[in-house]
Amino acid sequence: MTVNKGKRIISDILLIIVLIIFPHMGLLPMYAFAILLLLLIGGYLKLYQEGFSDIGFRFRDISFRSFWLGGSIGLGFAMLMYWLVGPLLAWLGFTPANVSDFYYIRHNFAQLLILLAIASFLVIPFEEIVYRGFIFTRLKAMAAGSKYSFAISGLITSIIFTLYHYQEGIGAMISIFIGAIFVIWLYKQFKGNLWYLIFFHIVYDIFMLTAIYLGYM
């Protein structure tokens, strides 16, 4: 299939805008919009005779190493953000992250488990496929030819991912931006294997959601 580069860039940008805005429209619960948008990405890629493997999501890449190493890095990073970066931002006067949307899990173990299941098996893979998979890959394709294509697309992806979480407040956005830049670095270290990032993200969220459940956030 012959692809018009200009038209592909325009269609990529339009889909990126949909992926960013639609989850904030409140039309569907998070598990529903994640499924819908993943189907949309799949259909879009198929239109160009591509698939999820072309944006780095391959089931054959999953391994015990990606599980324990990605998860271990995620745990270490969560501890660093919780006990060092978070207090430092508070000391500098930034408002702590607004996690009021998750207060319903406080001291409610059943709700915590349900949320962790939805996050681990759907929402987190969705975010990694969308941001470090589709958006980063397509931005990198747009910047092809520049020796800074990885850095440029990584920076833009990190900014977009940060803005996607605007509802959590400026303090949280600073932390999220730091995390997003770190994850892009991990993406490069693990040669585009999204499973390392997914397990990193899962363990990170388990740590933070458990802190909310215990009433520490």
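A charge is taken to sit over a ring if CZ of Arg is within 6 Å of the ring centre and within 35 degrees of the ring normal. In this predicted model, the charged end of Arg106 meets that description over the ring of Tyr103, at 4.0 Å from the ring centre. Arg132 likewise lies over the face of Phe161, with 4.3 Å to the centre of the ring.

**Salt bridges**

Arg132 also takes part in a salt bridge, its partner being Glu128.

| Pair | Closest N to O distance |
|---|---|
| Asp12 and Arg138 | 2.7 Å |
| Glu128 and Arg132 | 2.8 Å |

Glu128 and Arg132 both belong to helix H4 and, being 4 residues apart, are separated by about one helical turn. Glu128 is buried, with a relative accessible area of 1%, and Arg132 is buried, with a value of 1%.

Arg8 and Asp12 show a spacing of 4 residues within helix H1, which again amounts to about one helical turn. Arg8 counts as buried at 6% relative accessibility, and Asp12 is buried at 0%. Asp12 in helix H1 also pairs with Arg138 in helix H4 (residues 109–142), so this bridge ties together parts that are 126 residues apart in sequence. Both of these residues are buried. Together with Glu50, the residues Arg8, Asp12 and Arg138 are linked in a network of salt bridges.

**Aromatic residues**

The count of aromatic pairs comes to 25. One of them joins Phe150 and Tyr187, whose ring centres are 6.3 Å apart; their planes stand at 40 degrees, so the pair is tilted. Phe150 lies in helix H5 (residues 149–164) and Tyr187 in helix H6 (residues 170–189), so that the pair links distant parts of the chain, 37 residues apart. Tyr187 counts as buried because its relative accessibility is 12%, and buried means under 20%. Elsewhere, one aromatic cluster is formed by Phe57, Phe59, Phe64, Phe67, Trp195 and Phe199.

**Nonpolar surface and annotated segments**

A nonpolar patch on the surface, with about 820 Å² of accessible area together, comprises Ile10, Ile13, Leu14, Ile17, Ile21, Met25, Leu27, Leu28 and Leu36. Helix H1 (residues 5–21) supplies the largest share of the patch, 5 residues. Leu28 is placed in the loop between H1 and helix H2 (30–47) and counts as partly exposed at 34% relative accessibility.

The unreviewed UniProt entry annotates transmembrane regions that include residues 31–47 and 67–85. In the model, residues 31–47 are 100% helix, with end C-alpha atoms 25 Å apart. Residues 67–85 are 100% helix, and their end C-alpha atoms are 25 Å apart.

Conventions:
Residues numbered from 1 in each chain as written. Predicted model: local features only at pLDDT ≥ 70, side-chain atom pairs only at ≥ 80, totals over all residues. Heavy atoms only, no water. Phe/Tyr/Trp six-rings, centres within 6.5 Å; stacked < 30°, edge-to-face > 60°. Helix = DSSP H or I, 4+ residues; strand = E, 2+ residues; numbered from the N terminus. Buried < 20%, exposed > 50% of the residue type's maximum accessible area, 1.4 Å probe, protein only. Patch = residues over 30% accessible without salt bridge, like charges linked within 9 Å, V, L, I, M, F, W, Y side chains within 5 Å. Areas by Shrake-Rupley, 256 points an atom, 1.4 Å probe, with all protein chains shown as cover. Salt bridge = Lys/Arg side-chain N within 4 Å of Asp/Glu carboxyl O. UniProt positions renumbered as here; feature names shortened; annotations may be inferred.
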